[in-house]
Amino acid sequence: MKKDAALSPQVATRIHESFAAQAMMATLGARLVDVGPGRVRIEAPILPGSRQQHGFAHAGLSFAIGDSAAGYAALSVMPEGYEVLTTEMKIHLLAPAKGELLVAEGRVLRPGRRLVIVEADIHALEDGRETHVARLIGTMIPLAP
């Protein structure tokens, strides 16, 4: 995956349509804001319903948008007609997710025919400051048509 490579319009459309069909992302208020070859960016507001008892974003919000960002990054490098599923995902919580918005940036570390290794970094935005709050690393499995 070259950094300057462009994603085909067909693949970008497929990813945007798939994201739009995810009820969970809609429930969380998440938006797909950038898609490229082997990389995806998703943003989600830290809504009252996504906070834990101390007022921080719940780790489940970080996990959900990180998993989706990593999964769509994997999908961006799959052949036409393929899908991907998460087979395992580990999250490292680095700091409390305080602020107004979470940003997940998913990347493909190693594409493969049988396994795709992915990662995602989650940042919280608060008053113009960005804090790295979580890192996910995992494995996606390609599903043939």
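**Salt bridges, a strand run and a pocket**

Arginine 31 is partly exposed in this predicted model, with a relative accessible area of 48%. Its salt-bridge partner is glutamate 43, and the closest N and O atoms of the two sit 2.8 Å apart. This pair ties together distant parts of the chain, since arginine 31 belongs to strand β1 (residues 31-36) and glutamate 43 to strand β2 (residues 39-45), with 12 residues separating them. Glutamate 43 is buried, at a relative accessible area of 12%. Glutamate 43 also forms a salt bridge with arginine 41, this time with 3.3 Å between the closest N and O atoms. Arginine 41 is partly exposed, at 27% relative accessible area.

Another salt bridge turns up between the side chains of arginine 135 and aspartate 121, at 2.7 Å from N to O. Here too, distant parts of the chain are linked: arginine 135 lies in strand β6 and aspartate 121 in strand β5, 14 residues apart. Arginine 135 is partly exposed, with a relative accessible area of 35%, whereas aspartate 121 is buried at 7%. As for shared partners, salt bridges join Arg31, Arg41, Glu43 and Glu105 into one network.

Of the 11 residues in β5 (residues 116-126), 8 are buried, so the strand is largely enclosed by the rest of the structure. On one hand, β5 runs antiparallel to strand β4 (residues 101-110), and 9 bridges join the two. One of the residues involved is valine 108, whose bridge partner in β5 is valine 118. β4 and β5 make a hairpin with 5 residues between them. On the other hand, β5 pairs with strand β6 (residues 129-143), again in the antiparallel sense, over 11 bridges. Leucine 125, for example, has glutamate 130 in β6 as its bridge partner. The hairpin of β5 and β6 has 2 residues between the strands, and aspartate 127 in this hairpin takes a positive phi near 50°.

Then there is the second largest pocket, which holds about 160 Å³ of space. Its lining includes Ser18, Gln22, Asp67, Tyr72, Glu83 and Met140. Both α3 (59-75) and β3 (83-93) supply at least two residues of this lining, and α3 gives the largest share, with 5 residues. By residue type, the lining splits into 5 nonpolar, 5 polar and 2 charged residues.

Technical notes. Residues are numbered from 1 along each chain as its sequence is written. This is a predicted model: local features need pLDDT of at least 70, side-chain atom pairs count only at pLDDT 80 or more; totals for chains, interfaces and linings use all residues. Side-chain values use heavy atoms; hydrogens and water are left out. Buried means under 20% relative accessible area, exposed over 50%, partly exposed in between (1.4 Å probe, protein chains only). Helices (H or I, at least four residues) and strands (E, at least two) are DSSP runs, numbered from the N terminus. Two strands pair if DSSP finds at least two bridges between them. On a 1 Å grid over the protein atoms alone, a cavity is a set of points where a 1.4 Å probe fits but cannot get out, and a pocket is an open set with protein on both sides within 12 Å along at least five of seven lines; lining residues have an atom within 4 Å of a point. Grid points are joined across faces, edges and corners, and a volume is the space filled by probe spheres set on the points. Ala, Val, Leu, Ile, Met, Phe, Trp, Tyr, Cys and Pro count as nonpolar, Asp, Glu, Lys and Arg as charged, and the others, Gly among them, as polar. A salt bridge is a side-chain nitrogen of Lys or Arg within 4 Å of a carboxyl oxygen of Asp or Glu.
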